[in-house]
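User: I would like a close look at one part of the model below, with the cut-offs stated. Please put that part in the context of the whole chain.

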Amino acid sequence: MCECSKVHLFEVEFKLEGMTVVPTHKNCGFALDEKQADKFQKELVKSWGFEEEED
Ligand SMILES: [Zn+2]
């Protein structure tokens, strides 16, 4: 599990494991924890130009 204090989106690689995407920190090679993963998935979606829809 990645324990780096600062991780930037451009350092994150989204690896496909089976049917799930695992955000992995390129610098250390470890998968991000759930909280970080969630954050970066949101940032990734934003970088694609989509905003999350809210009910
Ligand atoms: Zn790391």
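Leaving aside its neighbours within four places in sequence, which residues is Gln36 in contact with?

Analyst: This is a predicted model, with residues numbered from 1 along each chain as its sequence is written. Local features need pLDDT of at least 70 and side-chain atom pairs pLDDT 80 or more, while totals for chains, interfaces and linings use all residues; side-chain values use heavy atoms, without hydrogens and water.

Beyond four places in sequence, Gln36 is in contact with Cys2, Cys4 and Val7, where contact means heavy atoms within 4.5 Å. Gln36 belongs to helix 1, which covers residues 34–47. Helices (H or I, at least four residues) and strands (E, at least two) are DSSP runs, numbered from the N terminus. Gln36 counts as buried because its relative accessibility is 15%; buried means under 20% relative accessible area, exposed over 50% and partly exposed in between, with a 1.4 Å probe and protein chains only.

Ala37 is buried because its relative accessible area is 12%. Outside four places in sequence, Ala37 is in contact with Pro23 and Leu32. From Ala37 to Glu13 the C-alpha distance is 11 Å, across 24 residues in sequence.

Now the strands. Strand 1 (residues 12–17) pairs with strand 2 (residues 20–25) in the antiparallel sense over six bridges; pairing requires that DSSP finds at least two bridges between two strands. Lys15 has Val22 in strand 2 as its bridge partner, and Glu17 stands opposite Thr20 of strand 2. Two residues separate the strands in this hairpin, and Gly18 in the turn has a positive phi of about 65°.

Lys26 sits in the loop that runs from strand 2 to helix 1. Lys26 is 11 residues from Lys15 in sequence and 11 Å from Lys15 in space, C-alpha to C-alpha.

For the chain as a whole, the order of elements from the N terminus is β-β-α, that is, two strands and one helix. The C-alpha atoms fill a box of roughly 35 × 25 × 20 Å along the principal axes. Of the 55 residues, 24% are buried. Among contacts with a separation of 6 or more, 40% join residues 24 or more positions apart. The accessible surface is about 4600 Å², with 51% of that surface on carbon and sulfur atoms.

Conventions
Areas by Shrake-Rupley, 256 points an atom, 1.4 Å probe, with all protein chains shown as cover.
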